[in-house]
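Work through the exercises below with the sequence and the model side by side. Each task is followed by a solution in steps.

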Amino acid sequence: VTGVQTCALPILRMVGEKWDLVVAGAGPAGCTLAAKVAAAGSKVLVLGNAEEPGRGRDWIIDVEKTVFDVAAVPFPVKDALRDKCESEVMLSPVAGHEIKLLPAPIVPIRNGVYVRQLATWASEKGARVREGCTVLGPVMEAGAVTGVRYRGISGGESKIGRASCRE
């Protein structure tokens with residue numbers, strides 16, 4: 001996936017960087033949020049748990065066709081679409097009747113492939129996507145969330161605070 005790093009990379013390179021938004025989770029919602037906020041000019045970091053986006057859960061999800069336009073997200077690439085049947089029928093076991101069903105207004109999507117597509121989109125919009133990070137919880141100061149605690153592949157706990165990312 002284009003633009004994705006892992007938490008095994010030296011995090012010290014990020015010391016002093018400021019983030020407007022840190023997103024915990026590189027799934028469809030996290031990558032979409034990151035892409036839209038980064039496209040608006042904010043500095044965004046996404047922390048994902050898997051080795052690479054989409055590797056965590058690769059199930060089939062059915063999405064209503066108009067959602068992509070309404071949400072202003074990319075339509076899934078061909079590899080993300082599950083093959084559809086030419087037609088669907090319902091059979092009556094008693095009378096032997098066959099009823100041809102109308103096509104459903106949904107798109108069956110392979111979640112893992114689509115998440116990789118969205119992670120690339122987020123990177124292209126300017127977000128930094130880092131995988132291999134298990135988010136442990138918020139950093140709290142005076143009752144407000146000011147950062148995120150996470151564990152990288154190396155097993156060490158790290159913090160991303162209001163102003164920087166540090167080991």
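**Exercise 1. Aromatic pairs**

How many aromatic pairs does the count come to?

*Solution.* The model is predicted.

Step 1. The count comes to two aromatic pairs.

Step 2. Take Phe 68 and Phe 75: the centres are 5.0 Å apart and the planes stand at 70°. Planes over 60 degrees apart count as edge-to-face, and this pair is edge-to-face.

Step 3. Phe 68 has 4% relative accessibility, so this residue counts as buried. Phe 75 has a relative accessible area of 42% and is therefore partly exposed.

Step 4. Now take Phe 68 and Tyr 114. The ring centres lie 6.0 Å apart with the planes at 85°, so this pair is edge-to-face. Phe 68 belongs to helix H2 (residues 67-71) and Tyr 114 to helix H3, so the pair ties together parts that are 46 residues apart in sequence. Both Phe 68 and Tyr 114 are buried.

**Exercise 2. The nonpolar cores**

Which residues have the most contacts inside the largest nonpolar core, and how many residues does this core have?

*Solution.* 

Step 1. The largest nonpolar core has 22 residues. Those with the most contacts inside it are Ala 34, Val 44, Val 46, Phe 68, Ile 109 and Tyr 114.

Step 2. Assign the core to elements. H1, strand E3 (44-47), strand E7 (106-110) and H3 each supply at least two residues. H3 gives the most, with six residues.

Step 3. Look at one member. Leaving out residues up to four places away in sequence, Val 44 touches Trp 19, Leu 21, Val 23, Ala 34, Val 37, Ala 38, Ala 127 and Arg 128.

Step 4. Another core, of seven residues, lies apart from the largest one; among its members are Trp 19, Leu 47, Cys 133 and Tyr 150.

**Exercise 3. A glutamine in H3**

Is Gln 117 buried or exposed, and which residues does Gln 117 touch?

*Solution.* 

Step 1. Gln 117 is found in helix H3 (residues 111-124).

Step 2. The relative accessible area of Gln 117 is 15%. Buried means under 20%, so Gln 117 is buried.

Step 3. Not counting residues up to four places away in sequence, Gln 117 touches Pro 74, Phe 75, Pro 76 and Val 77.

**Exercise 4. A hairpin**

How many bridges join strand E5 to strand E6?

*Solution.* 

Step 1. Strand E5 (residues 88-91) and strand E6 (residues 98-101) run antiparallel and are joined by four bridges.

Step 2. Glu 88 stands opposite Leu 101 in E6.

Step 3. Six residues lie between the strands of this hairpin, and Gly 96 takes a positive phi near 75°.

**Exercise 5. Confidence**

Where in the protein is confidence lowest, and where is it highest?

*Solution.* 

Step 1. The protein averages a pLDDT of 81, and 83% of the residues score at least 70.

Step 2. Confidence is lowest in strand E12 (residues 165-166), at a mean of 42, and highest in helix H1 (residues 28-39), at 95.

Step 3. Residues 8-15 have a pLDDT below 50; this stretch has 15 contacts in the model beyond near neighbours in sequence. Residues 163-167 are below 50 as well, with 21 such contacts.

Step 4. Where pLDDT is low, the predicted coordinates should not be read in detail.

Terms used:
Residues are numbered from 1 along each chain as its sequence is written. This is a predicted model: local features need pLDDT of at least 70, side-chain atom pairs count only at pLDDT 80 or more; totals for chains, interfaces and linings use all residues. Side-chain values use heavy atoms; hydrogens and water are left out. Buried means under 20% relative accessible area, exposed over 50%, partly exposed in between (1.4 Å probe, protein chains only). Contact means heavy atoms within 4.5 Å. pLDDT is the predictor's confidence in each residue, from 0 to 100. Two strands pair if DSSP finds at least two bridges between them. A nonpolar core is a set of buried Ala, Val, Leu, Ile, Met, Phe, Trp, Tyr and Cys residues joined through side-chain atoms within 4.5 Å. Rings of Phe, Tyr and Trp (its six-membered ring) pair if their centres lie within 6.5 Å; planes under 30 degrees apart count as stacked, over 60 as edge-to-face and the rest as tilted.
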